Amino acid sequence: MDIAAFRRHFWHVFNGPKRNAPVDALLDHKAHLSLDLCPDMPGMLSIRKQRLLNLSFSLIPEGQAYFEVGTYMGKSLISAMIHNPVRTVYAAGNFSEFDDNSLETLQENLSRYGMLHRVQFLNADFQKSYTPEFLREPIGLYFYDGAHDLESQYLGIKRVEPYLADEALIFVDDWRHGPDSLSHAKSGTLQAMPESTHQWKLLYELPARYNGDLGMWWNGVGVLSFQREAPMQVAI
Ligand SMILES: C[S@@+](CC[C@H](N)C(=O)[O-])C[C@H]1O[C@@H](n2cnc3c(N)ncnc32)[C@H](O)[C@@H]1O
């Protein structure tokens, strides 16, 4: 993933300095639906977050993959892939949270959008997904939206690193911590990043006023870049 290109597109599409300004017209259900890329299904994203995924997926180069942890009913997955070039897609989820998500619902939704055959899905705890058998292509874009406890968030960064492309873009969802969001997305991620011998950077913190903010970035998103350092040459 070309991070410099992503930043240019991001700045242009989201109006740079105004990227975090609330657009309260989008709190109106009808207005929101009119812009939704897959309005026939529920999910946990605002229009801006949906566009962010869609734009970023469009920038994944050939030979690199998209990997999503925490699919719920598939709305973020479909939002990322829709109208975009075909790329390898890995996803993992275990439907352990919320009563209304299941493998059948996810598969029905993906089928309706003609995407079922394009997604390699692991129905298991996300920690089981970081294997060379499952993640066979380097990950150019990684979206973590699974469990948000501290340990999971920390491991969600630590474990993915070997599978990332040499340059990769990472979104960590539910970045916001507050009375209505007990998410440790930010603290777990910031704990893992400095332990790496490679270069991680926090590019943007995209905020929300509350969990489910349709006029901003839903519950906040952390946007990170990853750059693999070449192994050090030892002179003898
Ligand atoms: C916030 S929802 C994802 C929302 C979805 N990305 C969207 O935008 O519509 C989190 C999902 O992660 C799943 N999940 C939670 N803990 C998990 C774990 N340890 N392993 C795999 N999936 C998990 C939940 O069951 C749920 O489907």
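Q: Which elements make the right-handed β-α-β unit, and how do I read its hand?
A: A crossover counts as right-handed if the path from the first strand over the helix to the second runs clockwise, with the strands pointing away from the viewer. Here E2, helix H5 (residues 103–112) and E3 form such a right-handed unit. The element names follow DSSP runs numbered from the N terminus, with at least four residues for helices (H or I) and at least two for strands (E).

Q: What should I know about the model itself?
A: This is a predicted model, in which local features need pLDDT of at least 70, side-chain atom pairs count only at pLDDT 80 or more, and totals for chains, interfaces and linings use all residues. Residues are numbered from 1 along each chain as its sequence is written.

Q: In which sense do E2 and E3 pair?
A: Two strands pair if DSSP finds at least two bridges between them. E2 (residues 88–93) and E3 (residues 119–123) pair in the parallel sense, over five bridges. One place to look is Val 89, whose bridge partner in E3 is Val 119.

Q: Is Ala 91 buried or exposed?
A: A residue is buried if 20 or more other C-beta atoms lie within 10 Å of its own, exposed if 12 or fewer, and partly exposed in between, with C-beta atoms placed from the backbone. Ala 91, in strand E2, is buried because 24 other C-beta atoms lie within 10 Å.

Q: What is Ala 91 in contact with, beyond its neighbours within four places in sequence?
A: Contact is a matter of C-beta atoms, placed from the backbone, lying within 7 Å. For Ala 91, the partners beyond four places in sequence are Glu 68, Thr 71, Leu 77, Val 119 and Phe 121.

Q: How many residues surround the ligand?
A: A residue is near a molecule if its C-beta atom, placed from the backbone, lies within 6 Å of it. The ligand has 21 residues around it, and the closest are Gly 43, Gly 70, Tyr 72, Ser 76 and Ala 147. Helix H4 (75–81) and E2 are the elements that give two or more residues to this shell.

Q: Which residues touch the most other members of the largest nonpolar core?
A: A nonpolar core is a set of buried Ala, Val, Leu, Ile, Met, Phe, Trp, Tyr and Cys residues joined through C-beta atoms within 7 Å. Among the 58 residues of the largest one, Ile 139, Leu 141, Tyr 142 and Ala 168 touch the most other members. Strand E5 (residues 164–173) gives the most to this core, with seven residues.

Note on methods:
Two residues are in contact if their C-beta atoms, placed from the backbone, lie within 7 Å.
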